[in-house]
Each structure stands twice: as C-alpha cells, then as structure tokens.
Amino acid sequence: PKVGKNRSWTQEEKLCIVAKCFDGNSSTAQIAIQERISNGMLWNWIKNVEQGSEGPKNKVKTGNPLAGY
C-alpha cells in the first residue's frame, strides 16, 4: 500500500489482510496496527467478506461535484 493519508489497496491485498484475521493467531487490533490501517476499516472489510460479497469493495470516487461551477 501507498504511504500517506489516502492509501488504497487492491482486492487481493484486502483479502490477504482479512485472511490473517481468520487464522486465529492475532487479534484484529494487532493486525490493523501491523498493516497500518484503522481497526474500523478492517472490521468493514471483514463484514463485507462475511456477508458473502465479492470481498471488500473499493469506493468509487465521483470527483468534485462543484468543479463545474
């Protein structure tokens, strides 16, 4: 992942991080610290996987709605 405020991860990277949560060796808080992500974001990724979606989704950035003015 990139370093900085607005980092992004590929689907494969997200699924790899979520898989670490299911192996039972570390807590989600420990994994979040290791991966330098918030615990809340990690829980959202886990919830998406558990709900049977195609994995954690990347948000689609729509751009600045005021850019046309």
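The model is a predicted one, where local features need pLDDT of at least 70 and side-chain atom pairs count only at pLDDT 80 or more, while totals for chains, interfaces and linings use all residues. Residues are numbered from 1 along each chain as its sequence is written, and side-chain values use heavy atoms, with hydrogens and water left out.

Let's start with the overall layout. The protein chain holds 3 helices and 0 strands, and its elements run α-α-α from the N terminus on. Here helices (H or I, at least four residues) and strands (E, at least two) are DSSP runs, numbered from the N terminus. Of the chain's 69 residues, 22% count as buried; buried means under 20% relative accessible area, exposed means over 50%, and partly exposed is in between (1.4 Å probe, protein chains only). A contact means heavy atoms within 4.5 Å. Among contacts between residues at least 6 apart in sequence, 51% join residues at least 24 apart.

Now for the helix pairs, starting with H1 and H2. Helix H1 covers residues 11-22, and it packs against H2 at an angle of about 150°, with the axes 9 Å apart. Axes are lines fitted to C-alpha atoms, for helices over the stretch in contact, and angles run from 0 to 180 degrees between N-to-C directions. H1 and H2 are therefore roughly antiparallel to each other. As for the wording, angles under 35 degrees count as roughly parallel, over 145 as roughly antiparallel, 65 to 115 as roughly perpendicular and the rest as oblique. H1 passes H2 in a right-handed crossing. A crossing is right-handed if the near helix is turned clockwise from the far one by less than a right angle, and left-handed if anticlockwise. On the H1 side the contact is made by Ile-17, Lys-20 and Cys-21, and on the H2 side by Thr-28, Ile-31 and Glu-35. Sorted by class, the residues of this contact are 3 nonpolar, 1 polar and 2 charged. In this sorting, Ala, Val, Leu, Ile, Met, Phe, Trp, Tyr, Cys and Pro count as nonpolar, Asp, Glu, Lys and Arg as charged, and the others, Gly among them, as polar.

Next come H2 and H3. The axes of helix H2 (residues 28-35) and helix H3 (residues 39-50) come within 9 Å and cross at roughly 110°, which makes H2 roughly perpendicular to H3. The crossing of H2 past H3 is right-handed. From H2, Thr-28, Ala-29, Ile-31 and Ala-32 meet Asn-39, Leu-42, Trp-43 and Ile-46 of H3. That contact has 6 nonpolar residues, 2 polar and no charged.

Two residues in this contact deserve a second look. Leaving aside neighbours within four places in sequence, Thr-28 is in contact with Cys-21, Asn-39, Leu-42, Trp-43 and Ile-46. Trp-43, found in helix H3, counts as partly exposed at 44% relative accessibility. Trp-43 and Ala-32 are 11 residues apart in sequence and 9.4 Å apart in space, C-alpha to C-alpha.

The remaining pair is H1 and H3. Their axes come within 10 Å and cross at roughly 85°, so H1 and H3 are roughly perpendicular to each other. H1 brings Lys-14, Leu-15, Ile-17, Val-18, Cys-21 and Phe-22 to this contact, and H3 brings Leu-42, Trp-45, Ile-46, Val-49 and Glu-50. By class, there are 9 nonpolar, no polar and 2 charged residues.

Arg-36 lies between H2 and H3 and is exposed, with a relative accessible area of 55%. The phi of Arg-36 is near 60°, a positive value in a residue other than glycine. Most residues other than glycine have a negative phi.
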